[in-house]
Amino acid sequence: MQKMFTLVLGSVFAAVTMSSAMAADSAVTIVLSEELDIVDPCEASRSNVGRVVLQNIAETITELNPAEGLKPRLADSWEDKGNGTWQFKLHPGVKFSDGTDFTAEDVAHSLKRIKSEALTCEIGAKFFGGMDISSTIVDDLTIDITADPAQPILPLLLSTVTIMPAESPMDSYVDTPIGTGPYIFDEYARGQHIKLSANGDYWGDKPAVDAATYVFRSDSAVRAAMVAAGEADIAPNIALQDAVDKGMDYSYPNSETVYLRLDHNTAPLNDIRVRKALNHAVDREAFVGTILADGTLLATGMTPPSTIGYNHSLKPYTYDPEQAKALLGEAEADGVPVDTEITLIGRTNNFGNVLETMEALLAMFQDAGFNMNLKMVEVAEWLEHYSKPFAEDRGPEIVEAQHDNANGDPVFSMFFKYASEGLQAGVQDTTLDDMIAASTALTGDDRKASWEETFKYIHEDLVADVMLFHMVGFSRVNSRLDFTPSIRTNSELQLSQIGFK
Amino acid sequence: MTDSQPVRELPSKLVQLLRMLWRDKLACIAAAFLLLVICCALFGPMMLEDLATKQNLRGRNAPPFDFSKNWTFWLGGDALGRPLLARIIVAAGNTMMVAAGAVFCSLLIGTTLGMIAGYTSKLTSQIILRLADVIMSFPSLLLAVIVLYMLPASVGNLVIVLAITRIPVYLRTARAEVLEIRERMFVQAARVMGASTPRIIFRHILPLVFPTLITIATLDFAFVMLAESSLSFLGIGIQPPEITWGLMVAQGRSYLTSAWWLSFWPGLAIIFTTLSLNLLSNWMRVALDPQQRWRLEMSTQND
Amino acid sequence: MTDHLLDVQSLSVEFHTAGGTVKAVQDVSWYLDRGEVLAILGESGSGKSVSAAAVMDLIDMPPGRISSGRILFEGRDLLQLSQAGRRAVNGRKIAMIFQDPLSHLNPVYTAGWQIEETLVIHGTRRREARAQTLDLLQRVGIPDPAASAAKYPHQFSGGQRQRLMIAMALALRPDILIADEPTTALDVTVQAQILSLLQDLQRETGMGMLLITHDLGVVAEIAARVVVMNSGRIVEHGSALDIYRNPSHPYTRDLIAAAPGKGDLPSNTDRRADALLDVQGLSKSFGQFEAVRNVTFDVMAGECVAIVGESGSGKSTLAKAILRLDEPSAGKAFYKGRDLFSLSDKELFNIRRQIQMVFQDPTQSLNPRMSIYELISEAWVIHKEILPRAQWHERVQQLLEQVGLSADHAQRYPHQFSGGQRQRIAIARALALEPELIVCDEAVSALDVQVQAQVIALLSDLRKKLDLAYIFIAHDLPVVRDFADRVIVMQGGSIVEQGSVRDIFENPQQSYTQNLLAASLDPDPEIQAARRAARSL
Amino acid sequence: MSLTLFAESPSIRTFLGKRAIASAISLVGLVILVFFLSRLTGDPTALYLPVDASQESREQFREIHGLNDPLPVQFARYMGDLLRLDFGMSIRRAEPALDSVLRGFKWTLQLALITMSLVTVMAIVVGSLAAFRVGGVFDRIATFCSLIAASAPDFWIAIVAIVVFSVNLGWVPTSGTGTVWHWILPVSVLFIRPFGLILQVVRGSMITALSSAYVKTARAKGVLDRPIIFVHALRNALLPVITVIGDQAAGLLNGAVIVETIFGFPGVGKVMIDAILQRDFAVVLAAVMVTAFAIFLMNLLIDILYAVLDPRIRY
């Protein structure tokens, strides 16, 4: 018995000392929700890749700061040369972690590489689809970049492009990324961890964090538990129900917007009264503070409210099941087949509590008199419903989707979601097509005003979709760190911004 | 005068069986509990369906043991404010249907194939055995994804997935038993009489294999329930608004730290049901084995 | 007080079963002295092994319970000893050998290891034990002891396995050896060898020996005193000769009367001209092994032909081949002029009902899950032309009465009957098909003597009434003496000798047949004593 | 005599040969089935490209990964590569599929070995002792506990264990790999169900063995209870137990998906489920083949073990 007790006590002691040793001094451990399959910086737009690589290993020439707007990073300045061409002056004296100098050639190569056919990098596909990007090297530290068609927000777009050395292969991913950032990629033990250490020759300020270890746990409860147990310092993205510790858990708008995409090509969803009825049937406020976090905003548009051109004057549709029923009745009287069974399609594990959310939505729609069933599908199948080409023989479908736009401009969303050619657009409306095209070409306040018009048109005139929520994310941060997660935490996690208390 | 000694009078089989069940108190409780679950499964969905799906977002995660509320809330409410007790009773229907369906199908198909493998030519037997090997090594998760990708995630299709993965168990057992029983004297006696192969299989061999298979099936019933809940955990099981206990546990596990009752009660339902099945199967193993039966036949005074 | 070596005093043992408490033995007393052989004689279910099991602490409790009595060994009551105390006696002071040595030897350890173990657990050093083991193997007549010690039980023959058991039991020269049916299921020639080995060893060591048996012949051969048991009680006790000559209890009298092979031999009769079954040059091999070699014989209608041989002689294989349960490798068998081996499935199906079989073990040949009615009427389910369904009930009752059972047994299940009754059911089932030839494969070998006599009487009776022909397969000669017309003696897959019963028993031509006859034990102790004397000359 | 003759006829080599052929047939069947069936779960393109990717880049992606060819052509190419032991490239990880799988398998193998060794030893000892006094207090407790163990959903146990032992008590790390301490929770959770199951089998099998005739002989020889249980009965009782141990071990080798997912354990089960959900077909196939092959080897080992334990079994 005595022996047993000693043993248990010993193990407790060992565990305590071990975990405190892990979280020692100026190294941090970050627990991510899924293992990184690829670490190539050209995939940095994927959030888990971005949290490791973006601005830690590979930097961009411009950088979007949610508070201050677009800031220089590897470029010191830029100017619009007209005809879609912008000239960038690069910061001198920057070196890659392998010792080579950072020059315009690297920028040119990186731009080519994100569009490489053999790689299909996500940055290229996501931000530079449907345009050609070419560059002209003026001198070592000056480069002209041209987009065709012209992009008024090209400097903003370039805040997504990670700069890699000119030697990076065009046809294969790198597994030890090299960049100009404040950290060096040390080791990737697949399935276990990634290790970064501070880059001694970094051109900028020396960060407080010396080294970082990334580990992967898919279960939110486990991630939260790890920070609580001192095994990890930051758990970006934990579930609402795990964020129970006021001292460690931070909530922040995470740039995600949840909405229900309506398919305007099928009856009865092609009738505006039916779409309005859907909007009135949802008690949005009931979700906030219950299934969804406090601080979740009711959405009227596809992008986060911080995006330029977001129309703050729009009001969410009121919860009014009676009106919904009345609208349905009207439509029915006009011969709209409102009894047709509608399929509500949700994506499993899309966000925390998606299942409960969808169940609650279904119940609300059914209460309002809709004939609807719910189908939860995993991502591959979900995409077939969400993205064009749609199946020919589909019935009326409502697809739940979560859209992320942390890049400050609606252009990253509008074309895909609302233009007739847009891959995920349920609407086909030429007026809207024109409005989007016009807004995209404008700059400054004109651009802002034009986007606001567009948002209003979508929300009030077309009633295109059922907009639901601007979501809130939770991160758990060990109290020894001086770090506050922000909207950017969804796509990057700059170690240099972390301090110690 | 051994030859003319009077025949022992024994009570009817059912009475004898019930008496043996009564001797094993644990198995008795288990049987009673299962009976209750079956009643819930049969009548619960009819009577409580509406109650169990009535949402109340503002009254979510109501804690258990609040006896001032309707009895359906005595075990608390779930994340959408629905009464847990009512949901558990309603979910019993699907849970039992999935498990019973899967066990029945795999038992039927597995036994048939096993009998054929055990009593026919070497080639057929080899083909069937290789098939069993393939099924055994086929990842059941992939199977689930395939079936539920092509077909909607209904109870029926879940049954298909689970049934296929369990076929080899019965197939192998049935085959092994057949190989043994076919050599027994009474099978030879039937052959001497000219009995056809189907008659030998169904009339002579099957009744002897059956007790073993039923014992395994009882155990498997528990296994299938757990497998179903695992699929739900991975998000490829049955999908809401359908409910099973497994799904309730899976949905509730994210609230473990804040509202433990969400996954605790359905988890308990699973544990109690599988435990009952295991106890009953244990009892059956003894009751159906002539060499062990005496343990249950002994008068209780010595117990 | 007592001065016997082992003294069992008014022992009662009961077992709990479904039907309530069964008293296995009641108030049983017997004793055993050094240097003598005591036999406990009884049929199955008489409780003859129970008191020995109590001596050895082999009764599982529960379900068993010793309700009263004492077992004194060298004056100490064994029942009062601790478990460790009793295990110290077992093997060292009192040893035991069993019937069916194959299942009583641990299949996964070598013979040498198992003998050594007896020595080692009672304190012999491992190295010495090894040497002694080889001596013991030598003594009990196992060839090549060193190689044999490394072999596993399944690699020995039945007789050798019993020798291993004996070596194991006698390793520590115990005071008492209990032998529970040591020669049952062994061939007669092997039985004789084992008995003589036991006698030699007993004389050598001067131990007391308790022999449990159902066989009067074994008693006559080896025992001086005998205790007769029936239904858990001792009915008679005395010297072997006294009891054989002057049995006082009716049970004992019946038992002695039932011993086979004492009737008058039938005279040779002329055989009818037409053969019912004519087997020509039949052979059957399994791989390299030739189980049956070029066997030729015939059976007339209404005739009873006995096939006698020891285990491995191929007699059962022959029967299976004739019934096409196994396909023969070569040869022909004409049944009423048609070759059985070249029949189509359809023709074979039709001929099935004319040749039936009764198996050795009625427990195994009756499907335990079918009622007697179902078992018998199955014949008509398969061969629908025999009887319309309306008459099944009546016919089943008729058949049951014909084989000496009662008509109301039809709804019961096989396990509710005794062994002899089950064999009667099996015979009724065979008769249901109205066959002309019945093959009886060791049909009475597993039965107690009295029951054996009854079943044989039934078979002869049926033969007369229904003009049946039999092929009667048996492993010892006395059984067939009263019953068969002709005898075929087989050895190693071939026929050694065939002829009429009288010829074979009175004038055997082949030495093998002569040995077989000589090895058969006579229930009369005097005759056995005379034979022993003749042998030792 | 004749019996031993038959039992020893085919040599061990022909036995191994036959087994290898049978397994090869199964393996080929498995590959065919997995190859075609997995393709029924849809086009991976949508998963790998951002939702906004254009038709052209989708087309490009399919071209690069050979998804445009008709299925039979893809299959022929795959089998051709397979003959050269080339298992194809993982789309997701941009590395040879076999590398991903073997890396995971290494962990799974260790996990399975440790867990099964513990399970085997514990189940045999406890089960044997329970069988010796059937219906006794020890037997009842052991049986009841083992049944409960076999009845609980493992993901539930896993999460509760983390909450209790790691967060509240702080005894062991929550998850991951690294030190010995990291193994405690996954092994414990994996241990529970096989332990309950195998304990039951050991108990049943030991009851049979202990009531057999040779045990009577041993008692008559004067062997004490403990050697009777662990020397005489156990070796005979092990055969059916080994079969069940094999089945359970096969289950673990297939990857303990749930436990690996929750504890962030980089095993092959995790690799497999990720590959399935991401439609990374090459990895799925490689994982299926590697585990099937491992299970084949294990079954062979079990057959050999049978023959070692029971001299009556000869191939």
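Predicted model: local features only at pLDDT ≥ 70, side-chain atom pairs only at ≥ 80, totals over all residues.
Let me begin with the interface of chain D and chain A, across which the rule finds zero salt bridges, a salt bridge being a side-chain nitrogen of Lys or Arg within 4 Å of a carboxyl oxygen of Asp or Glu. Residues are numbered from 1 along each chain as its sequence is written, chains are lettered from A and ligands numbered from 1 in the order in which they are written, and side-chain values use heavy atoms, with hydrogens and water left out.

Staying with chain D and chain A, the rule finds one residue pair in polar contact across their interface, with both residues at pLDDT 80 or more. A polar contact here is a pair of N or O atoms within 3.5 Å; within protein, one must be able to donate a hydrogen and the other to accept it, and residues adjacent in sequence count only if both atoms are side-chain atoms. Which elements of chain D each supply at least two residues of the side that touches chain A? They are α3 (45–48), α4 (55–64), α6 (97–132), α8 (154–168), α12 (257–262) and α13 (268–277) of chain D, where helices (H or I, at least four residues) and strands (E, at least two) are DSSP runs numbered from the N terminus. The largest share of that side, six residues, comes from α4(D). By residue class, the side of chain D that touches chain A divides into 21 nonpolar, 15 polar and nine charged residues; Ala, Val, Leu, Ile, Met, Phe, Trp, Tyr, Cys and Pro count as nonpolar, Asp, Glu, Lys and Arg as charged, and the others, Gly among them, as polar.

The contact takes 45 residues from chain D and 44 residues from chain A, with contact meaning heavy atoms within 4.5 Å. Together, chain D and chain A bury about 3600 Å² between them, 60% of it on carbon and sulfur atoms; buried area is the accessible area (1.4 Å probe) that two parts lose on being put together, summed over both.

Let me now turn to the inside of chain A, where the domain assignment gives domain 1 (22–38 + 181–248 + 478–500), domain 2 (58–160) and domain 3 (253–473), these bounds coming from an automatic or database domain assignment. The centres of domain 1 of chain A and domain 2 of chain A, taken over C-alpha atoms, are separated by 28 Å, and the contact takes 11 residues from domain 1 of chain A and 10 residues from domain 2 of chain A. These two domains of chain A bury about 830 Å² between them, 54% of it on carbon and sulfur atoms. Of the area that domain 1 of chain A buries against domain 2 of chain A, W203(A), R488(A) and Q494(A) supply 59%, more than any other three residues. How many salt bridges does the rule find across the interface of domain 1 of chain A and domain 2 of chain A? It finds zero salt bridges there, although five residue pairs are in polar contact across that interface, both residues being at pLDDT 80 or more.

Also in chain A, strand β2 (residues 62–65) and strand β3 (residues 69–72) pair in the antiparallel sense over four bridges, two strands being paired if DSSP finds at least two bridges between them. T62(A) stands opposite P72(A) in β3(A), and β2(A) and β3(A) form a hairpin with three residues between them.

Finally, chain C is divided into domain 1 (6–257), domain 2 (275–354 + 435–533) and domain 3 (364–434). The C-alpha centres of domain 2 of chain C and domain 3 of chain C lie 25 Å apart, and the two domains bury about 1400 Å² between them, 68% of it on carbon and sulfur atoms. R353(C), P435(C) and L458(C) supply 42% of the area that domain 2 of chain C buries against domain 3 of chain C, more than any other three residues. Across this interface of domain 2 and domain 3 of chain C the rule finds two salt bridges, and the side chains of E434(C) and R353(C) meet in a salt bridge (3.4 Å, N to O).
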